[in-house]
Structure formats: C-alpha cells, structure tokens
Amino acid sequence: MSDLDKLPPVDPATGEIIINPLKEDGTAKTPKEIEKEKKKAEKLLKFAAKQAKKATSDSAPKKAKKVKKEVEPIPEFVDRTTPGEKKILVSLEDPALKAYNPANVESSWYDWWVKSGAFDPEFTADGKIKPEGVFTIPAPPPNVTGALHIGHALTISIQDSLIRYNRMKGKTVLFLPGFDHAGIATQSVVEKQIWANEKKTRHDYGREAFVEKVWEWKDEYHNRIKNQIKKLGASYDWSREAFTLDPSLTNAVVDAFVKLHDEGTIYRANRLVNWSVKLNTAISNLEVENKDVKGRTLMSVPNYDEKVEFGVLTSLAYPVIDSDEKLIIATTRPETLFGDTGIAVHPDDDRYKHLHGKFVQHPFLPRKIPIVTDKEAVDMEFGTGAVKITPAHDQNDYNTGKRHNLEFINILTDDGFLNENCGPEWEGMKRFDARKRVIEQLKEKGLYVGQEDNEMTIPTCSRSGDVIEPLLKPQWWVAQGDMAKDAIAAVKEGKITITPKSSEAEYFHWLGNIQDWCISRQLWWGHRCPVYFINVEGHENDRCDGEFWVAGRNIEEAQEKAAAKFPDAKFTLEQDEDVLDTWFSSGLWPFSTLGWPEKTTDMANFYPFSMLETGWDILFFWVSRMILLGIKLTGSIPFKEVFCHSLVRDAQGRKMSKSLGNVVDPLDVIAGIKLDDLHAKLLGGNLDPREVEKAKLGQKESYPNGIPQCGTDAMRFALCAYTTGGRDINLDILRVEGYRKFCNKIYQATKFALLRLGDDYKPADKEGLTGNESLVEKWILHKLTETAKNVNEALDKRDFLNSTSAIYEFWYLVCDVFIENSKYLIQEGTATEQKSAKDTLYILLDNCLRLIHPFMPYISEEMWQRLPKRSTEHAQTIVKASYPVYNKGFDNAEAANAYELVLNVTKEARSLLAEYGILKNGKVFVESAHKASYDTAASQKDSIVSLIKAIDEVTVVSSAAEIPEGCVLKAVNPDVNVHLLVKGHVDIDAEIAKAQKKLEKAAKSKEGIEKTINSKDYESKANEKAKDANKVKLENSVAEIEGLEATIENLKRLNL
C-alpha cells in the first residue's frame, strides 16, 4: 500500500487535518508528537494534490506544438578585395550583410590604410610641421617573442584614440611602433625550447650559434605579434618601426654607455644582485615576483625533486668563545650560516653588554665571529635581540657589514651549490639540500634550539619560478642620484605632467629614494656591454676594479683609451661577456628611435614626444628611466606628458594570471572562442599539469559560455569607456558584448538612413543651416554641436569616460529620436521639409561617424565610405577627415528647450499609456495655458504622434475645461499637463486607489520640502543653488498633487 492510499482524514467543514490524540496502545500522544504527525500529514496532502493535478493535465488533450519558423542561414561574406587595395564595398542589401558581423566590417581596411600612407605624418609643402601643431606618441615596445594580452589592447585603444583624434584635428601626427628584444624573457624561452626538443643547452651551441638560433625565433614571433597588433587597428607609421637590436638603436645604446662610462656615471662595483640560479643571471626588481607565505609551506623549486620548506624560523645557539655561554639567534635560511661574519646586538641591551667585543665560534668552520653593536640592524624587542650577519647574502646585512667592516664571504656558486668557502664536507652540496643537513648537524652538536612558523616573503624569478639568491657580483652600475634631481625638477617645474596625481606622487617618492641601477646581465641575447678589460702584463689585474676597464664604440677606440691609461705597458683587451639590462635600451626609446645620437630631421621634428602613455605599474622601471636618461643624454625632456592607465583585472577584481584561467587574449574577444578551445590553449603554454586543471575551472567560472565574438571596435570602445582614472579595471566581457550591440545599432541605423536618403541624394557643398529646419532638426543639431564641444574638451583632458559616454548617448538620440521622428518628415512632409530632413540626417551620419572614429576605426570607415560626399570633401578616408568641432551656427538653446518639452510630453504620455495598459487607439491631450508651451505642443503634434506607437493623434488644448471626462493626468512641468482618456479601458476603483496612494506620497514629499524651506536660518544658511532647486521641487510637487487630485475627481465622476 502506498502513502497515497492512506491519506489523513480532513474535516469537510473547516478543511483541517484530523489527528487521532491517542496512540495505538490507548495512551495519549504528547503535543510535540501531535504537531509532528500534523506536519507529516500536510506534506502528504500537498504531494497528493500535485499528483492529481499532473494526472489531470496528462489526460487533457495536448496543444499542438508551434512549428518554429526556420531562420534562413546568413551566407558567408566573401571579401574579394586585393590585400592593400581599397575595400570593395558590397551592397548593404546583400544577404551576407543583412546583420552586423564585425569580421565582415573590419576586413581589408587596415592594409589599405597602411599602403595608402594614411598613418604617415603630414607636413606642409616645404616639409615643416603643420600650423595646427604636432602630436606624437612612442608606442611602448612589447616583447618581440610575447603574445598580446588585454593590457596591450588597453594601451593601444587609449593611444590610438588620441592619435586618430589629433590626426583628424589636422596636426602632424606620428605614432611610432616598435618591439623590445626582451633579453631574459626571450633567451629563457629559446633555452627551454632547445632543451625540450634537442636536450641541449646554450653552452652546447656556443654563443654565436645560440644567438643565431634566437634571431630565427625572433623573426618568427615578431611577425606573429605584429599581425596581432594590426588586428587592433593601431594607426602606426610602420615605415619607422624600430627594434631594440636594430643597428641604429644598437649604435645609440653603445654611444650612451660610452658617454656615461667616460664621465663616471656608469661604474664597476661588487654588490648584491638578484641572482636567478636557474637562469644563471642577475635579474631586475621587475622580474622578481614576491610570494607571501603565512607559515610552514612546501614550494616547488627548479632542479629539486622534492618540495622545499619555507616559512619556518629556525633558532640555534652560537657558543661564546672562552665562556660556557651560548648566544641564541634565529634565521629563515640556515644554509647561509657559512657566510656569517658577525653577530649584532643593540648597544643599549643590558643582556649582552658583557659580550661587547667578544667572539662566538662558528659551529662548522674554524672561524671566530665578532659580536658587534648596531642600533640600525637590531630591534631589542624582537626575538632574542641577537642577529646573525651574512653580508654577502642579504641586503640588510650587506649594509651592516659595510658599517662594521666585516668580511664578505660568498658561499654559493652561480649554479646554487655551496662553494669552497663552506669547507670540504659541504662543498658541492645544493643550497636547499644543505638547509636540511645544517639542521641535522646542529641537532647532533646540541646547538639546535627549535623551529616555529614564520610569515615571510619569498622572492622568486618570474621567468623560471626559481627562488632568488642575493649574491655578490662585480657588475656595471648607473649612478642615479644626480640624474634623479633633474627628473624631479622637470615635473615640479611643469615641463612634464603626470596623470593621475597618484602616479605623480609615486614618481616623486621613488626618485626621492632612488638606488643605483645594476645594468649587467649574464646573458647572450642582448646588447653586449661595450666595455673592455685591460689585461696588463706583469700586473695584478682585478676585474672588480674599474681602473682596468675602458669603454669604446669599437675596439680601436678602446685600444686608444687603454693606451692612454697604461702608456708604457703591454696589454690585451677582452670585451665583457655580459649584456645590458633590457631596460637600459628601453630607457633610450624616445630618442634612439628618432636617430639619436645623430642630429636627424626626425629628432628636430618630433623630440620631445607629446606624450607617453602606459600602465602605472612600469612608471619606475621604464618611464622614470626614460626621463633620467633623456635629460642626461639629450639635455631635454623625452616627452611633455605621461598618462598612466589602469591595470586590467577580471570581472571579480582578481589579477589576471594563467594559473587562474582568467587571462584574456584580445584576439579571442575580437573573434570569439568556445570554452573547449580556451581549455585547449592552456595545453600549449608552460603551465604545470596540476595548474592546467585549476586554470580550466577558472575559465569555466569566468567564461562559462566561452567568449562571444565582439570585434575590435566594441573591444576598443569598451576599454576606453572603462578608463576612469582609477587604479584598476574589472573587465566584464558582457559589457564588451554590450558595445557589440551598440556597433549593430550604428550599422543598422546607417543602413536605414542611407535607404531614407536614397541613391540619388547629393549633399550640399558645405555643411550648414538652410533656414528650413524643423524644430526636431534644430534640437538635434544643437545636441550635435554640444556633443562635439564636450568630446573635444574631454579628449583634450584625457577624459575617456566622458568622451565615450557623450558619443554613445548622442548616437542613441540620433537613432531613437531623430531617425524615428524624421520618418514622417521624409515620407509625408513637403518637398522642402523632406529635403531639410535629409540634409540634417546626412549631417548627423557624417558627424556621428567622424566623432566615433578614434574609438571605432573600422565600422566608422565602412559606413562613412558608403555616404555620398560633399564636393568640398577631399579626404579619401575617414582617417584624414576633419574631426567635428563646436559649430556656433548649430547652437540654438531656445529650440533645444522647446523640443525637450516635446520629448517630456512624449515621455509622460507613454508612461500613462503603459500605466493603464493601453496599447493602441489611445487618446492623448496636451493642456497648457502657457502660450509658448501651447504653441510648441500645437506645432509639434505630428512629431509627438511619430514618437508614440499607441496613439494615432494628439489634441492640444489651452485649459482643463476642454479635457473630456474620463481622463487621467500627468504633470509635465508646472505649465503643461498630459491627459489620457481611460474611460472604457480600465478598472476605475483600482485606479482610484492607485492614484490616492501616489497623492499621499506626493503630499508627504511636499510637506518635507516645505519643512526644509520654512526651517530656522534657511534663508541665511542655504545657498542660492539649493534654494532654486527646492523651489523647483516644490512647484513640481504642487503641480503633481493638483494633477493627481484632478485625476481622482475624474475617476470618481467616471464611477458615478
């Protein structure tokens, strides 16, 4: 028997469930038991009701399914344009062009722009800068072997919008492209590849053959990233494309090094560097990725089979010589004990005053270690108040060692093995293997005290994942102190502006605390240091001593300088094996690309550049160094303006990372990509297999349906619209897709407008008013000139949010208001009205496409090329067309305000129609005793009807007495009301109740405003702006109350 067969009894009168108060044995049930049984019975009854309903519906005759109308597939668009030639425009009536498809719109244009010289700087007939001025940007050079990421897309979108805008303003414009050789990144990629494919190292190849191999790799990937950049529509002058290893740029690097070395700004010193054991080179701070650990953590380290333990503080005892006492210290790196050359205590610490000047014994080596006193290195309150000093392997200890003249002992080989300074038992042991062995030995010697979790930061190499070792190395350094003073002054004196202000503050902070810059790298790919060691016969030649080095642009210059140094000695020269830090050549970018150190025409015309645009995260590593080196080497600032854009994060605000699976390839946003294909791309990278699975989950979370096809235009517009001056952009792909719909709006509206204009339409020779414009035309032209003014001002202020918003909103006014309104003018107006409406429509299309071109280069060109042209238009491409500016002739605030009344009447009428559910044959009345308002409404009746689908006519009256009974009302403003006839359309009682609720709300609002106005000190304390606002609010409230009271009275009369 099922539960449904034993349903509980129900009282037929009350519908309540009947529960037996007695158990089967006759004893009474407790209230709790009765309640429990009642709940169970309720559930059972609900289930039974559901089953009964289902049975009824199953037995009922089923409705026949509607047959879906099959959507005809859109044929594929075939672009028959020869690459580099002007695009062959297919008719918009072609089925392939029925819907907007970014791939169709964006094809062919770029190659034609490049080939036709559209991106080349324009000069006057005599080769001078045009009178309109000059605008130039050096593009930040991406890594030549890299792949584009969304940060590159943001950079290009911002820069190119400014470049295209200024080009359209008639200026001489240069957008200079190029690529960076990316020394460490490129070499490490190629080394990984040859090891994976051939099981060879660079040393198996030898320097020359390996560098040739890297050049081959560079050529392949250079073309790939260049083609990716072209997809983004960047209007670069490709004839000036630069590469940091080009002969001319190499010449600039050599010249800069020699000049700086000769004057002593570049010098030789043995100092601590960030050493990557895996890559066998020093790396810059930018290439160090700090990983925070909360406590004991196991981490994978290259060349170790087992994970290595970090986040642990080990305490150990050093025996004090000639005493039974032991000095306890703590360290997170026990393997560095071999480099300890001092123990520091605070001079005021009473616990250790008796040990001042004494020594401790090293636990593993025959070394006496002095106890020194130091206020800077020791915090008495932290730990035991005693600190081990390892000057050759820790930056803080390095400074302490210098202060106390301690011995600097290097304990590691370049490959991360303990060296001969650690003793024969330890020499040749890997650094982290030694860590474990040191702890074991300390335990055996009774010197181990204990361990505890320790929150710390682990510096790792971003290229290899290796743990960085601070290592003493003789390197080339750039003294930056004096240069920094000049760079600070350049900004403080206004020669260079930095936006936003937060970046300017960081710039000052960094330069105010600047350290000298290590520019040596132990690599083969890059600019080899143009400096030579002098091996003097019969002399002790110290490679750390700068006196034995000379810089030369070539071997002959070096020979000459060496002979001058050692005139009577025999010597040989040996060029330094190291290459220069990539940031050194990048620091010369704004002038090396223009031909410096030669006095070229480009240097004369374009230096300094107008602006440098980049992410705030490389303000120090790149931007500051360009300013330092620019002022130092050229005597001039390298650019006049620095604009720092935000960093792009995912929609959740997380940093984009391959392991999180939220990295966005801009080409995937342009073309669209399925989730499975996103997963497949992970396999082509260098992620650990475990990280691949984690990344797949991240992709599924961020892009559950893959990434939709958005196109270049939508992506560029979205990225510029996101640029608000904040530190971060949380990129939501759905917002980018929203701008694809905006592109569709532009496409369809232009198609429709071209149809309205007709094939035989010819625009006037010049843009301007004819005097035949209707009110809606005057209004939209006023909005056009207002928008042009606002957009120009915004772009000149680098306000991308307001410039994109203004253009976006204006396009919607054109599409949703003017095009809708102009239908009746073009179809039913007089010949004069039709001509005027068409002329205005043409002005709008032409200007709208020009306005949006800097942000959306492709769709603007595609649709602008389809417009008939004025006889005075000489631009062959929208790239060279004039940018819309404020036109005083179109400025007509009076007409604009009059038409705003029409729009407000329309809005309130639509609201009433929607409120009462009237979808057709609506009867609307506009009532106004105000002459100007009455005249406007009366003259614009056709306009109002064209904007409201639910009505066929509108009646304009001058008094409420003329309104028929059975109408409801909405106040447009204190002088104008809109009435809607509802009699016979609605439930009167329900509408009265609704109106009374609104009346109560309006009365409360009025009461609140009156309370504010009548409050004590209001007249003396409130400013005029607030008083005016409150006055308007009160007038509107009074008008609304009167309107609602009239509506209620009307409805009551209807109910009689």
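The largest cavity holds about 40 Å³ of space, and the tour of this predicted model starts there. Residues are numbered from 1 along each chain as its sequence is written, and side-chain values use heavy atoms, with hydrogens and water left out. Because the model is predicted, local features need pLDDT of at least 70 and side-chain atom pairs count only at pLDDT 80 or more, whereas totals for chains, interfaces and linings use all residues.

**The cavity**

Select Gly183, Ile184, Glu287, Arg521, Leu523, Asp581 and Thr582, which line the largest cavity. A cavity here is a set of points on a 1 Å grid over the protein atoms alone where a 1.4 Å probe fits but cannot get out, and lining residues have an atom within 4 Å of a point. The count is 1 cavity of 30 Å³ or more. By class, the lining comprises 2 nonpolar, 2 polar and 3 charged residues, with Gly counted as polar and Asp, Glu, Lys and Arg as charged.

Ala182 belongs to the loop between strand S3 (178-179) and helix H5 (183-198); helices (H or I, at least four residues) and strands (E, at least two) are DSSP runs numbered from the N terminus.

**An aromatic pair**

The structure has 41 aromatic pairs. Display Phe338 and Trp426: their ring centres are 4.9 Å apart and their planes stand at 55 degrees, so the pair is tilted. Rings of Phe, Tyr and Trp (its six-membered ring) pair if their centres lie within 6.5 Å; planes under 30 degrees apart are stacked, over 60 edge-to-face and the rest tilted. This pair links distant parts of the chain, 88 residues apart: Phe338 is in the loop between strand S11 (326-331) and strand S12 (342-345), and Trp426 in the loop between helix H9 (395-404) and helix H10 (431-444).

**Two cis peptide bonds**

Thr499 and Pro500 are joined by a cis peptide bond with omega of about 0 degrees. Pro500 sits in the loop between strand S19 (497-499) and helix H12 (501-512). Then select Trp596 and Pro597, where the peptide bond is also cis, with omega near 15 degrees.

Terms used:
1 Å grid on protein atoms, 1.4 Å probe; cavity = no way out; pocket = protein on both sides within 12 Å on 5 of 7 lines; lining within 4 Å. Points joined across faces, edges and corners; volume = space filled by probe spheres on them.
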